[in-house]
Amino acid sequence: MKAHRNHDGVHIAATAGFCFGVRRAIDLAEKTARISKNRVYTLGPLIHNPQEVNRLKGHGIKALENVGKIKKATLILRTHGIPAAYKEKLESSELNLVDATCPFVKRAQDLVKKLHKGKYQVIIVGEKTHPEVVALVSYANSTCCVVEKKSDLDKIKLAKKVGVVCQTTQTPENFNEIIDALKAKRPDAVIFNTICMATIDRQNSARALAAKTGLMLVVGGKNSGNTKRLYEICSRLTKTMAIETASELKCAWFKGVSSVGITAGASTPKWIIENVKVKAEKLLAKNKAAKAVSGGKCDGRS
Ligand code: SF4
């Protein structure tokens, strides 16, 4: 069906930006920084958004790559979770731990643990190198198989008892495709669809808006998995650009466009989305004016 591009102006998707888990982690981090007598650190970036992580730094919350020699301090564990053995090691240290792991990620970790205990071969649908998946794998003593796409299943020697858990930010389409292929080989596989509702809501809103606009702007950290998925969804439907901040917007993208949509990953704060909207409105108006005067040429400045 041909999409109707009749949505003039700049619109933000009905659901975009901070999700419950990220909001919770940031509130927890800010509260901890306010009341803690120690230095406050996060292990790795608290969320996948460099600008927000930088803002937190201004509140005295610094992201560490590893704990190193730090002893008397408060350490906040990120939304994506950390590997089980590392967590145990930190729990027995002198550090004061604050666990900001999203409860939905925690649920997926518990399911991996339970399946492993029940002697299931655990398959995780997700990106091998994403911190959430790296941590999930550890909950089955690193015996899990990670499947990113349907064809990866062919590389796995399937056991009799198979259980599946999903990275919380996958697309239902990819997950279902993999599950259909798996069910053909192991009809009695135990399946847990652990994609979180925040992910599904953002994907559905982005899809609906992309179908109505001539340009979609996907705002979020380049290291954010769920932002990447929003980009993939939108780019199948319309011209789509991925940016972290308003400063990356280019005037030329708006040429011949009358409707612009904005969506944002679950780690993107409202202030970044609003800045993008303000600048996108200016560039859209500029292109409209340029079109009226000189046939639509940008003046080279963004
Ligand atoms: S995207 Fe879902 S699982 Fe991830 S932090 Fe947000 S609510 Fe939690």
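Residues are numbered from 1 along each chain as its sequence is written, and side-chain values use heavy atoms, leaving out hydrogens and water. In this predicted model, local features need pLDDT of at least 70 and side-chain atom pairs count only at pLDDT 80 or more, while totals for chains, interfaces and linings use all residues.

User: How far apart do the C-alpha centres of domain 2 and domain 3 lie?
Analyst: An automatic or database domain assignment sets the bounds, giving domain 2 as 20-102 and domain 3 as 105-195. Their C-alpha centres lie apart by 27 Å.

User: What area is buried between domain 2 and domain 3?
Analyst: Buried area is the accessible area (1.4 Å probe) that two parts lose on being put together, summed over both. Carbon and sulfur atoms give 63% of it here. On the domain 2 side, His 80, Ala 84 and Cys 102 supply 45% of what that domain buries against domain 3. The area between the two domains is about 800 Å².

User: How many salt bridges are there between domain 2 and domain 3?
Analyst: A salt bridge needs a side-chain nitrogen of Lys or Arg within 4 Å of a carboxyl oxygen of Asp or Glu. Between these domains the count is zero.

User: Why is the pair of Phe 20 and Phe 104 edge-to-face?
Analyst: Rings of Phe, Tyr and Trp (its six-membered ring) pair if their centres lie within 6.5 Å, with planes under 30 degrees apart counted as stacked, over 60 as edge-to-face and the rest as tilted. The ring centres of Phe 20 and Phe 104 are 5.7 Å apart. The pair is edge-to-face because the planes stand at 65°.
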